[in-house]
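This note sets out, point by point, what a new reader may wish to check in the model shown below. Please read each point alongside the structure.

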Amino acid sequence: MTPGIPPTPVTQPPVLIYDGDCGFCTRAVLWLSEHAVPGVPVLPYQGEDLAAWGLSERRCTHEVVHVDAAGRLRGGVQGFAALLRGSPHLGWRAAGSLLPLPPLRWAALGVYRLIARNRHRMPGGTAACAVRRV
């Protein structure tokens, strides 16, 4: 390190980590990556070194996780909001900014929990989509 010059922070592109065994989850994040946030990698947790990301299998089976450029983890509704705030489209960025605010956050949390508990019943869902106890 050169004196007087701060070290360059380690950064990475933001990513979204999801349950790749769930057909509904896969379809949903692929749709988002195509329409709302093109270019953001969506990674099934089954192929990732979870410890390197600071994640557990239990967390990844229960919620989608957004990892930002600084390595911060946000899951569930907060993860989707962070993802959308990085969209090149104004409407999606606005949604990402509003989603964490009450009362929209309260409604979004309820909807997220409802979908997470019933994702095996959603379009594209299969028995493999049911949340497993890990």
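1. Surroundings of H66. Leaving out residues up to four places away in sequence, H66 touches P14, V15, L16, R72, L73, R74, G79, A82 and L83, where contact means heavy atoms within 4.5 Å. H66 lies in strand β3, and with 5% relative accessibility H66 counts as buried. Buried stands for under 20% relative accessible area, exposed for over 50%, and partly exposed for the range in between, with a 1.4 Å probe and protein chains only.

2. Basis of the values. The model is predicted: local features need pLDDT of at least 70, side-chain atom pairs count only at pLDDT 80 or more, and totals for chains, interfaces and linings use all residues. Residues are numbered from 1 along each chain as its sequence is written, and side-chain values use heavy atoms, with hydrogens and water left out.

3. Overall architecture. The protein chain has six helices and four strands, in the order β-α-β-α-α-β-β-α-α-α along the sequence. These elements are DSSP runs numbered from the N terminus, helices being H or I with at least four residues and strands E with at least two. Of the 134 residues in the protein chain, 34% are buried. Among contacts with a separation of 6 or more, 60% join residues 24 or more positions apart. The accessible surface of the chain is about 7800 Å², and 64% of this area belongs to carbon and sulfur atoms; the areas come from the Shrake-Rupley method with a 1.4 Å probe, and for residues only the protein chains shown count as cover.

4. Helix α4. Why is α4 described as largely enclosed by the rest of the structure? The reason is that eight of the ten residues of α4 are buried. The buried residues are G76, V77, G79, F80, A81, A82, L83 and L84. Their cover includes β1 (15–18), α1, β3 (65–67), β4 (73–75), α5 (90–98) and α6.

5. The largest pocket. The space in the largest pocket is about 470 Å³. Of its 21 lining residues, F24, V64, F80, Y112 and I115 are the closest to the centre. On a 1 Å grid over the protein atoms alone, a pocket is an open set of points with protein on both sides within 12 Å along at least five of seven lines, whereas a cavity is a set where a 1.4 Å probe fits but cannot get out; lining residues have an atom within 4 Å of a point. Points are joined across faces, edges and corners, and the volume is the space filled by probe spheres set on them.

6. Make-up of the lining. At least two residues of this lining come from each of α1 (23–35), α3 (57–62), α4 (76–85) and α6 (104–118). Helix α6 gives the most, with five residues. The lining comprises 16 nonpolar, two polar and three charged residues; Ala, Val, Leu, Ile, Met, Phe, Trp, Tyr, Cys and Pro count as nonpolar, Asp, Glu, Lys and Arg as charged, and the others, Gly among them, as polar.

7. Cysteines. How many disulfides does a search of the whole structure find? The search finds zero, a disulfide being a pair of cysteine sulfur atoms within 2.5 Å. The sulfur of C22 has its closest cysteine sulfur in C25, and at 3.1 Å this is too far for a bond. C22 is buried at 0% relative accessibility, and C25 is buried at 15%.

8. The segment after α6. G124 is found in this segment and, at 30% relative accessibility, is partly exposed. Although G124 and C22 are 102 residues apart in sequence, their C-alpha atoms are 8.4 Å apart in space. Beyond its neighbours within four places in sequence, G124 is in contact with G23, F24 and R27.

9. A cis peptide bond. Most peptide bonds are trans. The bond from P102 to P103 is cis, with omega near -5 degrees. P103 sits in the loop between α5 and α6.
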